[in-house]
Amino acid sequence: MPAILSDEDPESSDRFPAGPLYVPVRSGPSGWVTRLFRTALGDRTAVAFTSERQLIATLGPGQAWIALAEPALRALTAPLGVTTLTLDPQFTAPAPAPVESVVPVPALRLG
């Protein structure tokens with residue numbers, strides 16, 4: 001399909017970014033696995049970055065990553081039912097900390 005060039009369309013006609021994507025991974029029982037995230041609405045999404053610098057700025061320097069092409073990332077996540085790909089997210093929230101019970105449980109008196 002030829003690229004559409006027009007003064008009226010400031011968007012590229014390319015559907016996906018060219019070049020490798022930097023994909024966050026974590027260690028799993030069988031090796032490295034792609035980290036999946038949630039959107040603000042709670043849907044699962046694969047996340048990728050167009051540069052290593054953006055990945056580090058968002059997830060920190062300790063985040064492991066691999067370089068993948070967009071079709072390969074989609075092929076890895078499709079069997080899991082994940083069809084959304086989020087590129088270069090600007091914000092991530094930290095994982096919630098475990099909450100300890102603050103309400104004392106009354107003792108049961110028999111007698």
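Analyst: One term first: buried means under 20% relative accessible area. The model is a predicted one.

User: Which residues of helix α2 are buried?
Analyst: Helix α2 covers residues 70-77. The cut-off is under 20% relative accessible area. In α2 the residues that count as buried are Glu70, Leu73 and Thr77.

User: Within what arc do the buried residues of α2 fall, seen down its axis?
Analyst: Glu70, Leu73 and Thr77 are the buried residues of α2. Seen down the helix axis, they line one face, because their arc is 65 degrees.

User: Which exposed residues does the face of α2 turned away from its buried side carry?
Analyst: The buried side of α2 has cover that includes β1, β2 (31-34), β3, β4, β5 and β6. Turned away from that side is a face with two exposed residues named here. They are Pro71 and Ala75.

User: Against which elements do the buried residues of α1 pack?
Analyst: Gln54, Leu55 and Thr58 are buried in α1. Seen down the axis they fall within an arc of 100 degrees, so they line one face of the helix. The face turned away carries exposed Arg53 and Ala57. The buried residues pack against β1 and β5.

User: In what order do the elements of the chain run from the N terminus on?
Analyst: The chain has two helices and six strands. Starting at the N terminus, the order is β-β-β-β-α-β-α-β.

User: What percentage of contacts between residues at least 6 apart in sequence join residues at least 24 apart?
Analyst: The chain has 111 residues, and 24% of them are buried. For the contacts asked about, the share is 68%.

User: How many residues are in the second, separate core?
Analyst: Val23 belongs to the largest core. Beyond four places in sequence, its contacts include Val47, Leu55, Ile66, Leu68 and Leu73. Tyr22, Phe37, Val47 and Phe49 are among the members of the second, separate core. The size of that core is five residues.

User: Is the pair of Tyr22 and Trp65 stacked or edge-to-face?
Analyst: A search of the whole structure finds one aromatic pair. Its rings, from Tyr22 and Trp65, have centres 4.9 Å apart. It links distant parts of the chain, with Tyr22 in β1 and Trp65 in β5 (residues 65-68), 43 residues apart. Planes over 60 degrees apart count as edge-to-face, and these stand at 65 degrees, so the pair is edge-to-face.

User: How does Trp65 count at 32% relative accessibility?
Analyst: Buried needs under 20%, and exposed needs over 50%. At 32%, Trp65 therefore counts as partly exposed.

User: What distance separates the C-alpha atoms of Leu36 and Arg26?
Analyst: Leu36 sits in strand β3 (residues 36-38). With 29% relative accessibility, Leu36 is partly exposed. Beyond four places in sequence, Leu36 touches Arg44, Thr45, Ala46, Thr77, Leu80 and Val82. Arg26 is 10 residues from Leu36 along the chain, and their C-alpha separation is 9.8 Å.

User: With which side chain does the side chain of Gln54 make a polar contact?
Analyst: Gln54 is in helix α1 (residues 52-59). Not counting residues up to four places away, Gln54 touches Phe49, Asp88 and Gln90. The polar contact is at 3.0 Å, and the partner is Thr50.

User: Near what value is the phi of Asp88?
Analyst: Most residues other than glycine have a negative phi. Asp88 lies in the segment after β6 (85-87). Asp88 is buried, because its relative accessible area is 17%. Its phi is positive, near 50 degrees.

User: Which residue with a positive phi follows α1?
Analyst: The phi in question is near 95 degrees. The residue that follows α1 is Gly60.

Key: Residues numbered from 1 in each chain as written. Predicted model: local features only at pLDDT ≥ 70, side-chain atom pairs only at ≥ 80, totals over all residues. Heavy atoms only, no water. Helix = DSSP H or I, 4+ residues; strand = E, 2+ residues; numbered from the N terminus. Buried < 20%, exposed > 50% of the residue type's maximum accessible area, 1.4 Å probe, protein only. Contact = heavy atoms within 4.5 Å. Core = buried A, V, L, I, M, F, W, Y, C linked by side-chain atoms within 4.5 Å. Polar contact = N/O pair within 3.5 Å; in protein donor to acceptor, adjacent residues only side chain to side chain. Phe/Tyr/Trp six-rings, centres within 6.5 Å; stacked < 30°, edge-to-face > 60°. Arc of directions from axis to C-beta.
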